[in-house]
Amino acid sequence: MTTASSKLTSPKMAKFLLLLFIFGIAEASVHEYRGQKFISKGNSFVVHGGSEGIYSSPSLNSFIRIERTTFRRPQASSNFSTRIHALVFEVDDRETIGGSAYGGQRAVCCTQDLAKLGVCKEKEVIHRQSAKNPGWPQIFSVPFEVDESEATFPSRSIQITKTGMYNLYFIHCDSALTDVEVEGKTVWKNPTGYLPGRMAPLMKFYGYMSLAFVILGIFWFSQYARFWKEVLPVQNCITLVITLGMLEMALWYFDFAEFNETGVRPIGITVWAVTFGTIKRTVSRLILLMVSMGYGVVRPTLGGITSKVVMLGATFFVASEVLELVENVGTISDLSGKARLFLVLPVGLLDAFFILWIFNSLSSTLNKLQARRIMGKLDIYRKFTNALMVAVLVSVGLICYELYFKSHDAYNKHWQNAWIIPAFWHVFSFSLLCVICILWAPSQNSTRYAYSGDEDFDKDDTLTLIKPAPIPSDIRNPSDTIHGNFGSSNGDSELEKTA
């Protein structure tokens with residue numbers, strides 16, 4: 001069977017498995033199935049049971065355990081016997097699953113034509129043994145006997161001896177078997193705990209980031225306490241961002257630690273971590289925008305645009321909060337590509353609007369400072385602009401890399417490096433915050449960057465818009481008019497004398 005089945009492998013299998021991967025990637029190591037129904041994929045019917053990166057260890061235990069999973073079918077469909085299969089495979093072995101007869105369409109379930117070739121049994125899952133990973137893929141079956149409406153998998157533990165991205169699918173190949181539901185759970189464990197392999201490195205990372213925020217907080221708060229009388233409104237906002245960052249990193253660490261210990265993600269801690277992070281990102285963008293406009297430095301208030309700034313911040317918070325809740329609290333793969341795009345697009349557009357508004361405001365503020373020759377403030381704003389330009393270039397480069405990484409990793413083969421992208425975004429935003437803290441740190445000279453009454457740029461702009469009108473040629477100087485009148489009187493008197 002192995003020799004014959006080797007003729008069945010084809011690159012087209014990749015397309016089928018891509019559809020299966022789109023079907024769902026759960027984020028928890030305890031995968032619960034609560035009434036999921038089989039969905040038609042090709043000539044098979046599947047329920048995605050889980051997909052996780054699992055490390056192997058010679059001294060520690062790694063496994064996938066199926067714990068008493070039950071399948072239920074309607075009584076009307078219980079008048080025949082059939083089988084339910086559990087297929088477990090590593091992503092590198094995906095080509096060992098499925099086949100086609102005479103170069104036709106790829107199939108996972110054995111068709112009548114394939115059965116005639118003698119390479120498989122009809123209505124069974126087509127598979128062959130992996131040359132790289134002996135004993136894999138693994139497939140188990142449970143029968144539905146005649147007049148039975150339930151079939152239960154006995155508890156079974158699958159030991160993991162090779163590091164890889166493992167996938168579990170429940171499959172049946174009988175089109176007459178309809179409305180079958182799955183109840184039960186599976187447990188997936190890495191050597192160091194229940195965190196999925198893609199997420200495991202992030203727990204240590206959030207621990208280090210928490211420490212980094214503590215160090216930054218010690219520096220900032222010590223300066224704040226020393227020069228609290230010289231503190232500017234912008235520096236109060238930076239203090240808020242540092243506090244939110246400390247809370248966010250600490251909550252993410254405790255979220256992952258709890259997840260690693262129990263195998264179930266703590267929804268409450270996750271929601272708080274997401275919310276604090278979203279507030280931090282929103283406040284950070286608003287600070288950048290207000291500083292770019294010169295708030296507290298060259299203008300006392302934002303004036304008539306305050307409501308627009310607040311509205312933009314509120315809109316960004318709502319859009320970002322919804323996206324983060326769906327990605328971290330819910331299951332990411334439950335959304336189709338279009339549905340997730342619907343959530344990502346608003347955040348991306350709002351970020352682009354923030355960037356355009358920030359640089360437009362910076363250009364205006366720099367021009368005003370240069371025209372006034374206020375060199376101290378001009379110097380700090382130039383450094384601030386350079387830092388933002390570098391930040392934008394790095395962001396664009398990282399976004400391009402992320403798109404390239406995801407487009408070339410449809411099957412999550414590079415799952416061990418996937419944590420680097422979210423980690424880099426955190427390091428990047430923290431680095432930008434450090435630059436801002438250095439530029440705007442509280443000091444005894446802080447007041448030299450504060451707004452003073454004689455630098456009301458908005459007032460100057462208003463005055464320059466009201467230009468003096470030219471004097472009409474038919475309006476004479478009052479003194480000329482008076483002189484002319486006297487002249488006329490004298491002329492009349494001379495005429496009278498002449499007369």
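1. How do the axes of helix 6 and helix 9 cross, and within what distance do they come? This is a predicted model, and in it the axes of helix 6 (residues 267-293) and helix 9 (residues 375-407) come within 11 Å, with a crossing of roughly 140°. Helix 6 is therefore oblique to helix 9, since only angles over 145 degrees count as roughly antiparallel. The handedness of the helix 6 and helix 9 crossing is left-handed.

2. Now the side chains at that crossing. From helix 6 you get Leu288, Val291 and Ser292, and they meet Tyr381, Phe384 and Leu388 of helix 9. By class, the residues of this helix 6 and helix 9 contact are 5 nonpolar and 1 polar, with no charged ones.

3. The other pair to look at is helix 5 (residues 233-262) with helix 10 (residues 420-439): their axes come within 11 Å and cross at roughly 150°. Helix 5 and helix 10 are therefore roughly antiparallel. Their crossing is left-handed.

4. On the helix 5 side, Ile238, Val241, Ile242, Glu248 and Met249 take part, meeting His426, Leu433, Ile436 and Cys437 in helix 10. The contact of helix 5 with helix 10 splits into 7 nonpolar residues, 1 polar and 1 charged.

5. As for annotation, the unreviewed UniProt entry lists several spans as "transmembrane region", including 237-254 and 380-399. In the model, residues 237-254 are 100% helix and 0% strand, with the end C-alpha atoms 26 Å apart. Residues 380-399 also come out as 100% helix and 0% strand, and the end C-alpha atoms there lie 29 Å apart.

Note on methods. Residues numbered from 1 in each chain as written. Predicted model: local features only at pLDDT ≥ 70, side-chain atom pairs only at ≥ 80, totals over all residues. Heavy atoms only, no water. UniProt positions renumbered as here; feature names shortened; annotations may be inferred. Helix = DSSP H or I, 4+ residues; strand = E, 2+ residues; numbered from the N terminus. Axes fitted to C-alpha atoms, helices over the stretch in contact; angles between N-to-C directions. Parallel < 35°, antiparallel > 145°, perpendicular 65-115°, else oblique. Left-handed = near helix turned anticlockwise from the far one by under 90°. Contact = heavy atoms within 4.5 Å. Nonpolar A, V, L, I, M, F, W, Y, C, P; charged D, E, K, R; others polar.
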